[in-house]
Amino acid sequence: MKKELLLGDEAIALSAINAGLSGVYAYPGTPSTEITEFIQLNKLAAERGIHRTWSTNEKTAMEAALGMSFMGKRALVCMKHVGMNVAADPFVNSAMSGTNGGLIVVAADDPSMHSSQNEQDSRHYGRFAFIPMMEPSTQQEAYDMTSYGYEVSERYRIPVLMRVTTRLAHSRAVVKVGEVREQNSCCPPENSKQWILLPANSRARYVELLSLQNELEEESETSGFNKYIDGEDKSIGIIACGIGYNYLMENCPEGCKYPVVKISQYPLPKKMIAKLVSQCDEIMVIEEGQPMVEEQLKGLLGMGVTVRGRLDGTLPRTGELSPDCVRKALDLPENPTAGKCEIVVPRPPALCQGCGHRDMYTTLNEVLNNEYPNHKVFADIGCYTLGAMPPFRSIDTCVEMGASITMAKGASDAGQFPAVAVIGDSTFTHSGMTGLLDCVNDKANVTIIISDNLTTGMTGGQDSAGTGKLEAICRGLGVEEEHIRVMTPLPKNYEEMKQIIREEIEYKGVSVLIPRRECIQTLKRHLKNKKQ
């Protein structure tokens, strides 16, 4: 058994390959992106012909993986936590259809919102859908759980949700790597009735799904990833979930004096928890993200036992946990060997020098600020969201992927003029196209800017599904040819760009402007590769 130094993301990816993966489906999103990138660059994945290109969005990724599972093959779906919102329809229904080949869905949550718009906890999706969940506490567990997750998925014919967080996904540790398994052969289900979610089939399948929960709970009780660890001091019993257990152990390298239930597999192991509760005066829950277990625990136990955690302020209600805040919650003495950190003034992010988005915002600002004082600009998720920052301060909203176009339409419907939408090329094909169709169907008076840098820039320069296709997509959705205007965002073209912006704002209908210039970062890489 060899050892490798791996990110948590890489441990999941390598384990999936070694477990007989046939396809990974994903849309890039921090902190999940490295899983797919590792598989894309892996030699064995290439030799085996594992599918590993990017999907247009998380919903299409989930659906494609479900199709691969239908054929008996093992599939992996990867996304960040807000991507679960996009994939929710097929994800929740996949519990009803079940699986054939093993199917693991990785949701990478981002507590503290390092690069996200909320702190959503994906465990709620697993509980809501009655799908078993894995939550590794270490990179080694991330590796071991992935192959185990495929076994669970195929044993119970149900998807498995693996939830990781930023700290685990993006930190490295030495991982013991196991043997490589062959891929499953192609073997569609003999009876596909449960895959046809007509009400009559779904009602029967729902009863089966609920009856399966007792078996899944027993699987959690006997799982090697969940443990009851006794301690001599029964004043507090600790429930530590996922990476929360890692933080606890950093403070207790010689072992914790309190009894601990380590939870890395769900549904909750109720027997372990009942044993802990019966022996301890009060319970503390250490979990990353939202207080899901803490809330469940209060429902299970009633009002007779004190439960401490994120709800009562024992641990911080928002942001990432850390060994320090766990140490404080347990009232442990300060660690004398801990390094002291200097507080550094944060430096806000900014658009790269030479970025085409800069030229787009410069010209847009000059036209809107000088000629349309009542303008509103609805933006989207991507590098260009930094148009909210100085020196541009160009945008008024940014809610979620694809919202810019439809929010601009709604504002226009309410009487706003001009209503301008700014969206990137990758975000447009991810979830902006349907909004554009709404605009066309209603003949909305909106000006839409698809700022095309020929890549998915914010997550590191992955391929964009719309590259070379944007004009054709807009024409196909019904935008008039003469109101699809392509521009090259460079200082020498400012006057031409401003004139085009003016003309299309004044047009009483749907206009699409496409400022197109390659991302400065991917351009540097391409030029460097050419020289080698």
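T427 sits in helix α16 (residues 425-442); helices (H or I, at least four residues) and strands (E, at least two) are DSSP runs, numbered from the N terminus. The model is predicted, so local features need pLDDT of at least 70 and side-chain atom pairs pLDDT 80 or more, while totals for chains, interfaces and linings use all residues. Numbering starts from 1 along each chain as its sequence is written, and side-chain values use heavy atoms, without hydrogens and water.

**Exercise 1.** Decide whether T427 is buried or exposed, then list its surroundings.

*Solution.* 
- Step 1. T427 is buried because its relative accessibility is 4%. The cut-offs are under 20% for buried, over 50% for exposed and partly exposed in between (1.4 Å probe, protein chains only).
- Step 2. Beyond neighbours within four places in sequence, T427 contacts (heavy atoms within 4.5 Å) Y27, D380, I381, Y384, M401, G402 and G432.
- Step 3. A polar atom of the T427 side chain lies 2.9 Å from the backbone oxygen of I381.

**Exercise 2.** Find the buried residues of helix α2 and the elements they pack against.

*Solution.* 
- Step 1. Helix α2 spans residues 33-41, and T33, I35, T36, F38 and I39 are buried there.
- Step 2. These buried residues pack against strands β1 (2-7), β2 (21-26), β3 (74-80) and β4 (103-109). Helices α1 (8-18) and α3 (43-47) are also partners.

**Exercise 3.** Describe the largest nonpolar core.

*Solution.* 
- Step 1. A nonpolar core joins buried Ala, Val, Leu, Ile, Met, Phe, Trp, Tyr and Cys residues through side-chain atoms within 4.5 Å.
- Step 2. The largest has 103 residues; I39, L76, F91, I238, I239 and L248 touch the most other members.
- Step 3. Helix α7 (residues 139-156) gives the most to this core, seven residues.
- Step 4. Another core lies apart from it, with 47 residues, including L364, A419, V510 and I514.

Technical notes: A polar contact is a pair of N or O atoms within 3.5 Å; within protein, one must be able to donate a hydrogen and the other to accept it, and residues adjacent in sequence count only if both atoms are side-chain atoms.
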